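Visitor: Could you take me through this model, one question at a time?

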Amino acid sequence: NLLHVCHTWSWPMMWLRLVFGAFVFLGPWSNASEIDSCPAEGCALENLSCVKWRQTVGCDPKGSREKSGDKECHEEIGIGSSGYCQCASSSSSERVKARAVSCDHRPFRCSTECLQAVRYRCISWRQTGGCSADGTREPNKDQTCRALIDPRSSGYCECGGGRIIRKPGCAHGEWAEPFTCLDECAGEASLYEELGVDSSASDKEIKQAFRKLSLVHHPDKTRNDPVLTARFSQIREAYEILGDEGQRAIYDSAGLQLLYEFLSNKAEKGQSSTTEVKVTLEHMYNGQLIQVSVPRVLVCRGCRERQTERCRRCNTRCADELEYRKVRMGNMIMQQQVQVPSKEKCRTEQHPVTLMVERGSSNGDTLIFQHRGGLLTPKKVPGDVIVKLVETKHVAFRRAGVDLHTEVTI
């Protein structure tokens, strides 16, 4: 009887193990038909077409679905909507997510994104050394698409279609959240990624990168290929912003949404801040490039409702915000603008600035750096940094206008 009971229970237990193992391997069955990383044989996708824009809530592409916000493929997805494009293959039942975005993104259409859906699929994390995405490869530290990567690690996410998402790591990743290459590849490319440069790239490097990519993707070169034409539009838009000193500064510190609002006169500019830098007489006479750091307060984006390790380090008080409140005055109710404490979290950083002290500069001359202000007020773009040159006392000479005076004992 004991043997009979054991034999009877062995089959149910075996089925439970099989079902549980399949669930762990495939994940929830509702998502089993949706693919997001490349199989071993590669990332090739053929005959992909757009199904629809799938909207989510909370400015989170991973948030709950908001079906009422779904859009057709030809409709523009404007700023303020989060979600992803769902694409389908005519040869199989596979579903592919393309351009998963938060509310802070560039306008686009899913009909275009599904043409280049392969770019949104992950291959692997590739580790490098030397605090540079272009550093020496360390293949023994490569990770899978779903592995959580420390933002201080240097390397890059390799995605389909030759797409590379650079991560210089080290100090550049100090204020970033841990990430997976699966999420990075599925998301919208940053403006720096569109041009194939790091966020620390110089103006010259940005201009060179745009010219190089234009030779490959310009419609005159691609014979109006729809995929390459779409890529050129994205490359050109990235250069229009990063090639402008003021717009680049707003993008780096406040993001795309606030930049677009400012360009359309829907966002105000914050107050400018003034700082003094001591300069020697020799530097004013000969001219000199000087590297200095100026303190500024930045809003920790994404930390309003979150309590991650990064957000807990944001312990600087943000500037107050303006809010309209209803106030009763006799029999009337009026709206009054009042200052209220901000619910955002801020941090202080030392921002590097390169000063070009021109030959013949004078004591008290000022240099203005657009939108790099020392106080970023929530819902306002950064103000300017105004640097005042202060001449230090020289051991032998004193300046009188354009003349140099000195006393010599004879």
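Visitor: How many helices and strands does the protein chain have?

Guide: This is a predicted model, and its secondary structure is counted along the protein chain. The count comes to 11 helices and 20 strands.

Visitor: What share of the residues in the protein chain is buried?

Guide: A residue counts as buried when its relative accessible area is under 20%. Of the 410 residues in the protein chain, the buried ones make up 38%.

Visitor: Why do the buried residues of H5 lie on the same side of the helix?

Guide: Helix H5 runs through residues 203-217 and reaches 21 Å from its first C-alpha to its last, close to the 21 Å expected. Its buried residues are Ile 206, Ala 209, Phe 210, Leu 213, Ser 214 and His 217. They share one side of H5 because the arc they cover around the axis is only 135°.

Visitor: What covers the buried residues of H5?

Guide: The cover is identified through contacts, with heavy atoms within 4.5 Å. It includes helix H4 (191-195), helix H6 (219-222), H7 and helix H8 (245-254).

Visitor: Which residues of H7 are buried?

Guide: Helix H7, one of the elements that cover the buried residues of H5, has 17 residues (226-242) and reaches 25 Å, close to the 24 Å expected. Its buried residues are Ala 230, Arg 231, Phe 232, Gln 234, Ile 235, Ala 238, Ile 241 and Leu 242.

Note on methods: Residues numbered from 1 in each chain as written. Predicted model: local features only at pLDDT ≥ 70, side-chain atom pairs only at ≥ 80, totals over all residues. Heavy atoms only, no water. Helix = DSSP H or I, 4+ residues; strand = E, 2+ residues; numbered from the N terminus. Expected span 1.5 Å × (residues − 1). Buried < 20%, exposed > 50% of the residue type's maximum accessible area, 1.4 Å probe, protein only. Arc of directions from axis to C-beta.
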